[in-house]
Amino acid sequence: MKMSFRAARSARTMAVLAIAAGAVVASAIPGNADVSTQSPSVGGIRVESPAKLQAGGAAIIVPVTAVCQPGSYAYVNVQVTQRVGNALATGSGSTRINNCTGTSEDVRIAVHAQVQGKAFRTGAAFASATLNGPFPGPFEDYREIKIAD
């Protein structure tokens, strides 16, 4: 089937117009858009290691890195469980970040061993942390950590 000269010219014109329209749309959309600057992070938390043994195992200091919404506040809760022989040493602690900056904040949480339980000792333990506040969440992290002297 042969195409007339007029039909071929019309098809070429439409193709050129389609390409030009696509180029205009593509140039209006930022190609290297940084999603983090367009939709800032609301929060996050990470349990760090090692935790530091205190008072012969009555408590440990657990380092946590937290990020929360700038100008807001947040609650950080940490729970730690460790096998000690045939029993468990467990404890929890919390703190409040009064003025969130929107950047990483290093927080140290005192986790007291439960009165009825075992004392913490050096070695492996399991920690979980939660970040709550007046923003969408909660944010959680859990991992094995090391308890050191």
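# Strands, core and rings in a predicted model

Me: In this predicted model, which residue in strand 3 is the bridge partner of Gln-54?
Reply: Strand 2 and strand 3 pair in the antiparallel sense, over 3 bridges. They form a hairpin with 4 residues between them, and Ala-55 in the turn has a positive phi of about 50 degrees. The bridge partner of Gln-54 in strand 3 is Ala-59.

Me: How many helices and strands does the protein have?
Reply: From the N terminus on, the elements run α-α-β-β-β-β-β-β-β-β. The protein therefore has, by the DSSP runs, 2 helices and 8 strands.

Me: How many of the 10 residues of strand 3 are buried?
Reply: A residue counts as buried when its relative accessible area is under 20%. Across the protein, buried residues make up 29% of the 149 residues. Strand 3 is largely enclosed by the rest of the structure, because the number of its 10 residues that are buried is 9.

Me: Which residues touch the most other members of the largest nonpolar core?
Reply: In soluble globular proteins, nonpolar side chains tend to be buried together. Here the largest nonpolar core holds 29 residues. Elements that give two or more residues to this core include strand 3 (59-68), strand 4 (74-84) and strand 6 (105-113). The residues that touch the most other members are Ile-60, Val-62, Val-76, Val-78, Val-80 and Phe-120.

Me: Is Ser-72 buried or exposed?
Reply: Ser-72 is found in the loop between strand 3 and strand 4. Leaving aside neighbours within four places in sequence, Ser-72 is in contact with Asn-98, Asn-99, Cys-100, Pro-134 and Phe-135. Its relative accessible area is 10%, so Ser-72 is buried.

Me: What is the angle between the planes of Tyr-73 and Tyr-75?
Reply: A pair of aromatic rings is described by the distance of the centres and the angle of the planes. Tyr-73 is partly exposed at 29% relative accessibility, and Tyr-75 is partly exposed at 37%. Their rings are 5.9 Å apart centre to centre and form an edge-to-face pair, with an angle between the planes of 80 degrees.

Me: Why is the pair of Phe-135 and Phe-139 tilted?
Reply: Phe-135 is buried, with a relative accessible area of 9%, whereas Phe-139 is partly exposed at 23%. The ring centres are 6.3 Å apart. The pair is tilted because the planes are at 35 degrees.

Me: Over the ring of which residue does the charged end of Arg-96 sit?
Reply: The charged end of Arg-96 is 4.2 Å from the centre of the ring in question. That ring is also part of an edge-to-face pair with Tyr-75. The residue is Tyr-73.

Terms used. Residues are numbered from 1 along each chain as its sequence is written. This is a predicted model: local features need pLDDT of at least 70, side-chain atom pairs count only at pLDDT 80 or more; totals for chains, interfaces and linings use all residues. Side-chain values use heavy atoms; hydrogens and water are left out. Buried means under 20% relative accessible area, exposed over 50%, partly exposed in between (1.4 Å probe, protein chains only). A nonpolar core is a set of buried Ala, Val, Leu, Ile, Met, Phe, Trp, Tyr and Cys residues joined through side-chain atoms within 4.5 Å. Contact means heavy atoms within 4.5 Å. Rings of Phe, Tyr and Trp (its six-membered ring) pair if their centres lie within 6.5 Å; planes under 30 degrees apart count as stacked, over 60 as edge-to-face and the rest as tilted. A charge sits over a ring if NZ of Lys or CZ of Arg is within 6 Å of the ring centre and within 35 degrees of the ring normal. Two strands pair if DSSP finds at least two bridges between them.
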